[in-house]
Amino acid sequence: MNFLNKQSRRRLLATSVLTVLWWVVLGPGLALADCSTPEQNIFVSEVLQQGDGSAYGSLNNIYVFNHDLAGCHPYNFWATAHLKTFQGDKWAEVGYDDTLNGLNQEIWDVFLEAGINYDQATCGPTESYFINPNQYVLFKVTNKPNTTNFNLYVDYGSGWILLGSCDNSFSHGTAMGETGRKGETATGARDDHKGLQYKNSAGTWRSSSDIFVNQDTISNWHYFKCTHTRYVVLKDGTPNSC
Amino acid sequence: MARRGIMIAGAVMILLTACSREGRDTLSSKVPHDQDVNWDNPIDGVPVASLTQAAQSMPFQVSQPMGLGTPARILVSRPDVPTEGRSVAFVFDTASYGRVIVFERLPEVDPSQYDVTNEHLVAIFNGPGALEIDLVRGGTKALVATTAEGRTGVYWLEGKIEFYVSGPTLTKTDALQIVNGI
């Protein structure tokens with residue numbers, strides 16, 4: 001065990017102490033941005049095809065990006081497939097978080113959540129799988145017929161995986177995509193949702209006939225519509241392209 | 001002495017690793033997203049001039065909430081919302097409670113299942129915040145939802161119409177007072 005000389009031991013000790021001090025002082029609380037402010041979001045609604053009044057499910061193919069992160073805990077950036085009541089107060093969603101673990105390492109987590117009262121979670125948020133960035137991942141929230149229960153799925157290349165179910169007190173509404181962040185401008189918000197689909201009352205998945213931005217509170221990024229089933233979120237000042 | 005230092009450093013590193021795992025666990029803890037609600041127009045609707053105008057596009061009989069004064073605005077769902085999913089939102093700016101929103105809509109569950117559905121939500125709820133069934137308006141069961149930050153919303157059914165009272169700063173006490181007074 002005596003494989004280090006005295007000088008090396010001192011260096012190791014000093015490095016360890018400095019590492020601990022850095023982690024304690026800066027690590028978990030590294031928040032150059034204001035993480036106490038409410039989350040910021042872009043919600044994009046799907047327009048249903050003629051004859052379909054309400055969506056009973058939402059399916060989004062979302063690109064997992066590597067973002068600048070403010071260091072907020074536990075969330076920084078997230079993107080989800082979302083189903084909300086027409087009033088927006090009840091919801092079910094599934095998507096991914098881009099955030100930091102306790103060692104300030106960037107991780108990408110699949111998560112699900114449902115709730116009422118606008119921002120009161122009654123199910124989750126529950127993280128499950130780690131996923132790799134720089135790929136499209138499918139997310140799907142779907143109402144179980146004649147119930148107020150939702151199944152939430154992910155498919156990152158090997159077929160649909162049921163992540164869990166959430167009870168709520170609604171069954172249908174608006175199919176959406178969500179881009180969200182904490183940490184204001186210190187967190188990037190790049191996003192790409194394609195292949196947007198909704199489930200109609202007959203249980204058939206159909207492509208959205210159009211999309212429109214429903215809410216945008218992300219200050220330095222903006223929504224850009226590519227097609228009737230795809231949109232991206234781009235930093236202000238960059239060319240609009242898909 | 002140096003060996004002891006290395007041992008201490010090692011122990012600290014182990015502790016550091018443990019803390020990082022704890023951080024991962026904390027990530028999985030129940031910290032809800034605190035969505036930035038647009039309390040000026042929470043239903044993403046369109047303003048109308050009067051109760052009469054609001055009632056024209058609704059599939060139910062709209063009631064004027066009492067005891068909160070004159071609404072600052074009345075909002076109805078956008079025309080592209082299917083008729084059965086439409087709602088009215090009365091926005092009040094009150095001296096006592098701050099901003100108060102009274103929503104009216106058809107419930108998304110069969111009225112006979114309304115209380116059962118809410119009671120089930122309460123039974124499975126494990127925070128954060130609080131979810132409970134309280135009796136309001138002389139004996140009607142209401143779902144009272146209070147966020148971890150203390151903001152309360154109350155849902156209840158009258159006949160076949162669901163009411164929902166909420167607001168950015170409403171406490172449970174205030175919300176129940178409003179519900180019992182309108």
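**Close-up views of charged side chains**

A:Glu113 is buried, at a relative accessible area of 1% (buried means under 20% relative accessible area, exposed over 50%, partly exposed in between, with a 1.4 Å probe and protein chains only). This is a predicted model, in which local features need pLDDT of at least 70 and side-chain atom pairs count only at pLDDT 80 or more, while totals for chains, interfaces and linings use all residues. Residues are numbered from 1 along each chain as its sequence is written, chains are lettered from A and ligands numbered from 1 in the order in which they are written, and side-chain values use heavy atoms, with hydrogens and water left out.

**View 1. A:Glu113 and its partner A:Trp91.** Here we look at strand β5 (residues 106-116) of chain A, where A:Glu113 is found (strands, E, at least two residues, and helices, H or I, at least four, are DSSP runs numbered from the N terminus). The side chains of A:Glu113 and A:Trp91 make a polar contact at 3.4 Å (a pair of N or O atoms within 3.5 Å; within protein, one must be able to donate a hydrogen and the other to accept it, and residues adjacent in sequence count only if both atoms are side-chain atoms).

**View 2. A salt bridge between B:Glu162 and A:Lys90.** The N to O distance for this pair is 3.5 Å (a salt bridge is a side-chain nitrogen of Lys or Arg within 4 Å of a carboxyl oxygen of Asp or Glu). The pair joins two chains, because B:Glu162 lies in strand β8 (residues 161-166) of chain B and A:Lys90 in the loop between β3 (77-84) and β4 (91-100) of chain A. Both ends are tucked away: B:Glu162 is buried at 2%, and A:Lys90 is buried at 4% relative accessibility.

**View 3. A:Asp192 paired with A:Arg230.** In this salt bridge the closest N and O atoms are 2.6 Å apart. A:Asp192 belongs to strand β11 (residues 191-199) and A:Arg230 to strand β15 (residues 230-235), both of chain A, so the pair ties together parts 38 residues apart in sequence. A:Asp192 is buried, at 5% relative accessibility.

**View 4. A:Lys225 meets A:Asp210.** Their salt bridge spans 2.5 Å, N to O. Strand β14 (residues 221-227) of chain A holds A:Lys225 and strand β13 (residues 210-216) of chain A holds A:Asp210, so parts 15 residues apart in sequence are tied together. A:Lys225 is partly exposed at 36%, as is A:Asp210 at 28%.

**View 5. A salt-bridge network.** Shared partners join A:Asp89, A:Lys90, B:Arg105 and B:Glu162 into one network. Over all chains, the whole structure has 15 salt bridges.
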